[in-house]
Structure formats: structure tokens, C-alpha cells
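Me: I've got a model open and I'd like to learn how to read its contacts, cores and charged pairs. Can you take me through it?

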Amino acid sequence: MTITITAFDRSPDGGKGLARDTRVRWALEEVGQPYEVRLVSFKAMKEPAHLALNPFGQIPTYEEGDLSLFETGAIVFHIAERHPGLLPRDANARAHAIMWMFAALNTIEPPILGLVTARLMEADKPWAAERLPLVKDRIRTRLEALSARLGGREWLDGAFSAGDLLMVSVLLRLRASGLLDEFPSLAGYVARGEARPAYRRAFAAQLAVNTRQAP
Ligand SMILES: N[C@@H](CCC(=O)N[C@@H](CS)C(=O)NCC(=O)O)C(=O)O
């Protein structure tokens, strides 16, 4: 059955791979599943056809036969459950990998999104400069703990898993801030994720979309 995902017609990041379709592309590349992409404009994302797929009017979405999903974490989890390569077979190891998926999206990503919001939407507020160090410190607190847990391991818990895929994707959002460089083990972890052939294919695919010439 054909898998179709949605992605920005033009990503606001211009092809840095930070839009969440890259996470889904990466998961599909890791498990070797071909997929098609339907590009949507910001306007189309808020219209009924797309709202039927995602009530919040966002990308990415995932369609496969009768199944339609939104929420990147649910999509990556679905891919990982259906195809070998992203979740261990051992029940406890699998539970750990799923735990790390939630940790990435629930514990690490929220303070990082706080920084994105501070930079993009609050920069002109009179209190912006005063608040920024607090926002960064909240991220540092999480990165310190994550870095301590990762230690010298290659991946978070045994073999590369969907937990690593989401964690690396989330941490990539920090690159421009310089915060990642304060934690060399995490910077190395992210670099290992980016070096995976599946990530490189996913990145190249989104880059091709976002750097194509206008018709
Ligand atoms: N929690 C959602 C967040 C989805 C999300 O924020 N998507 C962004 C692109 S990465 C989007 O569509 N932004 C446009 C908008 O919200 O209008 C998920 O993980 O899928």
C-alpha cells in the first residue's frame, strides 16, 4: 500500500530539515519503506481537506490505505511497530525505546520549543532579553541530565532505535543556538544520527523540495 505523507510546500527553515516531516521521512528510510509526499501550503493546511487529516492544521500527516495519522510521535511509532529496524524485539528493550521516544517529545522538546518561541515570536517584547537566559537555562538543565545518562554510549539504550531518531531530531533544533556545543557528548550523538545513511536520504529529500525553483 502506498504511504503518503504531507510536508510544507516551502518550509520556513528553507531546507535545514527541522520541519517534522524530516522525522517521518527518516523513519521510513530506516525501515526501507518507499513513500510519496503531498506538499501543502500554509493556506491549504488550514482548509477542510487537510483539517480532515489533522484537526490542528499542521504537517506531517501519514496516509496508508484506510489509515490516516497525525502527530509525528504516533506516526514514527506506527512505522516502528509495523516494520523491523526501529524497535528491539525484546519486550523490555522495546519498552525502553518507547520511553525514550516520549522523553524526546515530552521532556526534551518542550523547553527547546520555548527557545524557538522566544526567538521567533517574542523577540520584540520589552522583556525578551531578560527572559532569554531563563529559557536557555531550562534547556541546559535537561541537556545536562541527558548527557550524563548518555555517557560514552553510542545510542541511548543499546542499538539505534526510534527513541534515538526522535531524540536526535529534537536536539538538531538547538544547533543554531550553540547550546549543543556546550555538551560534546550530545553534539557527537547528534552527529552520529546525522551520519546515518537513512537520515542523509531523508535530509536530501526535504532539501530538494525546499530549494527547488518556483515553477
Ligand atoms: N505535535 C505535532 C506538531 C506538529 C507541528 O508543529 N508542525 C509544524 C511543522 S514542524 C506545523 O505544521 N506548523 C504550522 C502551523 O502550526 O500552522 C507533531 O509532532 O506532529
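Reply: Let's begin with contact, which means heavy atoms within 4.5 Å. Before we use it, note that this is a predicted model, where local features need pLDDT of at least 70, side-chain atom pairs count only at pLDDT 80 or more, and totals for chains, interfaces and linings use all residues. Residues are numbered from 1 along each chain as its sequence is written, and side-chain values use heavy atoms, with hydrogens and water left out.

Me: Which residues does leucine 171 touch, not counting residues up to four places away in sequence?

Reply: Leucine 171 touches Ile108, Ile112, Leu143, Leu146, Leu180, Tyr189 and Val190 on that count.

Me: Where does leucine 171 lie, and is it buried or exposed?

Reply: Two terms first. Helices (H or I, at least four residues) and strands (E, at least two) are DSSP runs, numbered from the N terminus. Buried means under 20% relative accessible area, exposed over 50%, and partly exposed in between, using a 1.4 Å probe and protein chains only. Here, leucine 171 lies in helix H7, and its relative accessibility of 0% makes it buried.

Me: How do I read a nonpolar core, and which residues touch the most other members of the largest one?

Reply: A nonpolar core is a set of buried Ala, Val, Leu, Ile, Met, Phe, Trp, Tyr and Cys residues joined through side-chain atoms within 4.5 Å. The largest one here has 50 residues, and Met167, Leu171 and Leu174 touch the most other members. At least two residues of this core come from each of strand E1 (3-8), helix H1 (21-30), H4, H5, helix H6 (128-150), H7, H8 and helix H9 (197-210). There's also a second, separate core of five residues, with Phe8, Ala19, Val40 and Ile59 among them.

Me: What about helix packing: at what angle do H6 and H8 pack?

Reply: Axes are lines fitted to C-alpha atoms, for helices over the stretch in contact, and angles run from 0 to 180 degrees between N-to-C directions. Under 35 degrees counts as roughly parallel, over 145 as roughly antiparallel, 65 to 115 as roughly perpendicular and the rest as oblique. H6 and H8 pack at about 70°, their axes 9 Å apart, so they are roughly perpendicular to each other. H6 brings Leu143, Leu146, Ser147 and Leu150 to the contact, and H8 brings Ser185, Leu186, Tyr189 and Arg192.

Me: How do the residues of that contact of H6 with H8 divide?

Reply: For the classes, Ala, Val, Leu, Ile, Met, Phe, Trp, Tyr, Cys and Pro count as nonpolar, Asp, Glu, Lys and Arg as charged, and the others, Gly among them, as polar. The contact of H6 with H8 has five nonpolar, two polar and one charged.

Me: And at what angle do H1 and H4 pack?

Reply: About 5°, with the axes of H1 and H4 10 Å apart, so H1 is roughly parallel to H4. Arg23, Val24, Ala27 and Leu28 of H1 meet Thr72, Ile75, Val76 and Ile79 of H4. That contact of H1 with H4 divides into six nonpolar, one polar and one charged.

Me: On to charges: how many salt bridges does a search of the whole structure find?

Reply: Side chains of opposite charge can pair when their charged atoms come close. The cut-off for a salt bridge is a side-chain nitrogen of Lys or Arg within 4 Å of a carboxyl oxygen of Asp or Glu. The search finds 15. One of them joins glutamate 81 and arginine 94, with the closest N and O atoms 3.8 Å apart. This pair links distant parts of the chain, with glutamate 81 in helix H4 (residues 72-82) and arginine 94 in helix H5 (residues 91-120), 13 residues apart. Glutamate 81 is partly exposed at 45% relative accessibility, and arginine 94 is partly exposed at 23%.

Me: Are glutamate 109 and arginine 173 buried or exposed?

Reply: Both glutamate 109 and arginine 173 are buried. Their side chains meet in a salt bridge at 3.7 Å, N to O. Glutamate 109 is in helix H5 and arginine 173 in the loop between helix H7 (162-172) and helix H8 (184-195), so the pair ties together parts 64 residues apart in sequence. A network of salt bridges links Arg20, Arg23, Glu109 and Arg173.

Me: Where is arginine 23 found?

Reply: Arginine 23 is found in helix H1, and it is buried, with a relative accessible area of 3%.
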